Amino acid sequence: MKVKPRKVQKGDKIRYLDALYTSVSLIKGREEVKNFLRDLLTESERIMLGRRIIIAQKLLKEEPYEQIARDLRVGTDTINRVHRWLADEDNGYEQVVKRLEKELSTRQEKIDSKYIDPFSFNGLRKRYPLHFFLLNLFDKDK
């Protein structure tokens, strides 16, 4: 059942939000966050929140509304709402999105560093270890 914030008493609202914020602050690690949100929210709600974060990323990169709407298939009202939240004085949204950018960049660097071109000499050595058995044997001694 959908709750209208205006109809919730102030004391109850504070209690509900405190329970949410405290619960989230107690979560440690990505896997715990994933499990908590999976249990707490429907798949649709999780997708909607994820889209808002991506909208915020794109707005911070100064992408135009039309392009964001086309790429993510969202309405301009949603984009405008996220833009207003970003412009808010608290900067909570912006801080998290900037940290996310840094985390995704670090993750991509790890992926790139593990990538070996399959047609390079090292790629061929990895792909056909028996063909390079003697070379690989000497490399392991070092």
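Visitor: Where is Met 48?
Guide: Met 48 sits in helix α3. Helices here are DSSP runs of H or I with at least four residues, strands are E runs of at least two, and both are numbered from the N terminus. This is a predicted model, where local features need pLDDT of at least 70 and side-chain atom pairs count only at pLDDT 80 or more, while totals for chains, interfaces and linings use all residues. Residues are numbered from 1 along each chain as its sequence is written, and side-chain values use heavy atoms, with hydrogens and water left out.

Visitor: Is Met 48 buried, exposed or partly exposed, and what is its relative accessible area?
Guide: Met 48 is partly exposed, with a relative accessible area of 39%. Under 20% counts as buried, over 50% as exposed, and partly exposed lies in between (1.4 Å probe, protein chains only).

Visitor: What does Val 97 touch?
Guide: Leaving out residues up to four places away in sequence, Val 97 touches Ile 53, Ala 56, Gln 57 and Leu 60. Contact means heavy atoms within 4.5 Å.

Visitor: Change of topic. What is the volume of the largest pocket?
Guide: About 1800 Å³. A pocket is found on a 1 Å grid over the protein atoms alone: it is an open set of points where a 1.4 Å probe fits, with protein on both sides within 12 Å along at least five of seven lines, and lining residues have an atom within 4 Å of a point. Grid points are joined across faces, edges and corners, and the volume is the space filled by probe spheres set on the points.

Visitor: Which residues are closest to its centre?
Guide: Of the 31 lining residues, those closest to the centre of the largest pocket are Val 33, Leu 37, Leu 41, Leu 49 and Ile 53. The elements giving two or more residues to this lining are α1 (10–25), α2 (30–40), α3 (43–60) and α6 (92–114). The largest share, 9 residues, comes from α3.

Visitor: How does that lining divide by class?
Guide: Into 19 nonpolar, 3 polar and 9 charged residues. Ala, Val, Leu, Ile, Met, Phe, Trp, Tyr, Cys and Pro count as nonpolar, Asp, Glu, Lys and Arg as charged, and the others, Gly among them, as polar.

Visitor: What lines the second largest pocket?
Guide: Val 3, Pro 5, Val 8, Lys 13, Tyr 16, Leu 17 and Leu 20. This pocket holds about 230 Å³ of space, and its lining has 6 nonpolar, no polar and 1 charged residues.

Visitor: On to backbone angles. What is the phi of Glu 62?
Guide: About 65 degrees, a positive phi although Glu 62 is not a glycine. Glu 62 is in the loop between α3 and α4 (65–72) and is exposed, with a relative accessible area of 71%.

Visitor: And where is Arg 73?
Guide: Arg 73 is in the loop between α4 and α5 (76–87). Its phi is also positive, near 55 degrees, in a residue other than glycine. Arg 73 is exposed, with a relative accessible area of 74%.
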